[in-house]
Amino acid sequence: MDFARIRRFTYIINSVILFLVIALAGFFFLCKAPILIWFSIPTLLVYILGYVLISKDRLDIYVRLVYFWITFYMCLCTFCLGYKIGFHLYCFSMIPIIFYTEYMADKLGRTKVNAFVASSIIAICYLLSTGYTAFKGPIYPVDNSIAGAFWTFNSVIVIAFLVFYSRLMLSLIGDYENKLKDAALIDKLTGLYNRHYMMEKLEKTVNDSGPKFVTMIDIDDFKKINDRYGHNAGDYILINVARIMREVCKDCDISRWGGEEFLIYSSGNLRAKGLPMFETLRQRVESEDFVFGEEHIKVTITSGMAEYTSDSSVDKWVNAADNNLYTGKKTGKNKVVY
């Protein structure tokens, strides 16, 4: 989740809380609780200030202010109206929210607080406020029917927050796992699969029925390109050769095998499907005008192909393609060998 989305999301949460504060002020009026009615005024100002802090990119101050104020608000409401009204339940929603916001602060490189310490303080405030009213009773007694209705209302709000933040955390975990998976299986420079992914792919496909083949591709004289034009030019060539591969080999699994070598897997017949496709790829690369800065760089590729046979292991299969590539490199380059 990027910072712009987090800020929009915080605006929404602040608006929801502001609406609840206004609604609660009306409830306090019905309960004839003047302390809470007057306390609603600075509470409204806090969340109006929240809009300013969010717009100024001061979410760190905003979050700490909300932590403190909700805790104070929860305790005061519990002291005034009693624990049967359900305000103490909000501490249960605040604790996962604290850990979530501090997790996001860490990911975004922002200042964070100790979530464990903050949660411990909230727990202590919860015990003090509910314990006091359990023994001494509330300042403003509330009719049981009203208390029951509002306990239900507060419970629904707290459960909704818990469900929402639980789903949000699972979504974040899923996104993070996908990013880790991509980092483990995707080559950062070209965006192609890496060698690890391709080996796993080939191990799985050997048990599939039907013809299939792999193609080992090498950029001809790549070291000379690096030596003459620089490594940035070499990276430019790798990125654009990878782009052409994706355009020509649409239904194939394409990997950067290492350095300037690529390994491509495809199902189908090598001669009927593979040869025309990789001859097209060879011609596309040869005819491409690679321009880096003011330099026009001539690039060709050599490909070695190998069809899978039932008596081959994955290593033998890949080595067969590599041997054909070696033959192509030794016999003139810029060709497809099978």
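## A spread-out predicted chain, residue by residue

G293 sits in the loop between β5 (290-292) and β6; helices (H or I, at least four residues) and strands (E, at least two) here are DSSP runs, numbered from the N terminus. This is a predicted model, so local features need pLDDT of at least 70 and side-chain atom pairs count only at pLDDT 80 or more, while totals for chains, interfaces and linings use all residues. Residues are numbered from 1 along each chain as its sequence is written, and side-chain values use heavy atoms, with hydrogens and water left out.

**The chain as a whole**

- The protein chain has 11 helices and 8 strands. Its radius of gyration is 32 Å, well over the 20 Å that the globule rule gives for 338 residues, so the chain is more spread out than a compact globule. (That radius is taken over C-alpha atoms, and the rule is 2.2 Å times the number of residues to the power 0.38.)
- Along the principal axes, the C-alpha atoms fill a box of roughly 95 × 50 × 30 Å.
- Of the 338 residues, 44% are buried, meaning under 20% relative accessible area, with exposed being over 50% and partly exposed in between (1.4 Å probe, protein chains only).
- Take the contacts (heavy atoms within 4.5 Å) with a separation of 6 or more: 75% of them are between residues 24 or more positions apart.
- Accessible surface comes to about 18,000 Å², and carbon and sulfur atoms own 61% of that. The areas come from the Shrake-Rupley method with a 1.4 Å probe; for residues, only the protein chains shown count as cover.
- The chain carries 37 positive and 33 negative charges, and their mean positions are 7 Å apart. Lys and Arg count as positive, Asp and Glu as negative, with His and the chain ends not counted; each charge is placed at NZ of Lys, CZ of Arg, CG of Asp or CD of Glu.

**Two buried threonines**

- T300 is in the loop between β6 (295-297) and β7 (301-307), and it counts as buried at 15% relative accessibility.
- The T300 side chain makes a polar contact with the side chain of D220, at 2.7 Å. A polar contact is a pair of N or O atoms within 3.5 Å; within protein, one must be able to donate a hydrogen and the other to accept it, and residues adjacent in sequence count only if both atoms are side-chain atoms.
- Beyond its neighbours within four places in sequence, T300 touches D218, I219, D220, V285, E286 and N334.
- T205 belongs to helix α7 (residues 195-205) and is buried too, at 3% relative accessibility.
- A polar atom of the T205 side chain lies 3.1 Å from the backbone oxygen of L202. Not counting residues up to four places away in sequence, T205 is in contact with K212, Y265 and W317.

- C125 is in helix α5 (residues 115-136). The C-alpha atoms of C125 and H88, 37 residues apart along the chain, are separated by 9.1 Å.
- Leaving aside neighbours within four places in sequence, C125 contacts T71 and C75.

**Positive phi**

- Most residues other than glycine have a negative phi.
- D221 has a positive phi, near 50°. D221 lies in the loop between β2 (212-219) and α8 (222-229) and is partly exposed at 33% relative accessibility.
- K333 is not a glycine either, yet its phi is about 65°. K333 is in the loop between α11 (314-330) and β8 (336-337), and at 27% relative accessibility it counts as partly exposed.
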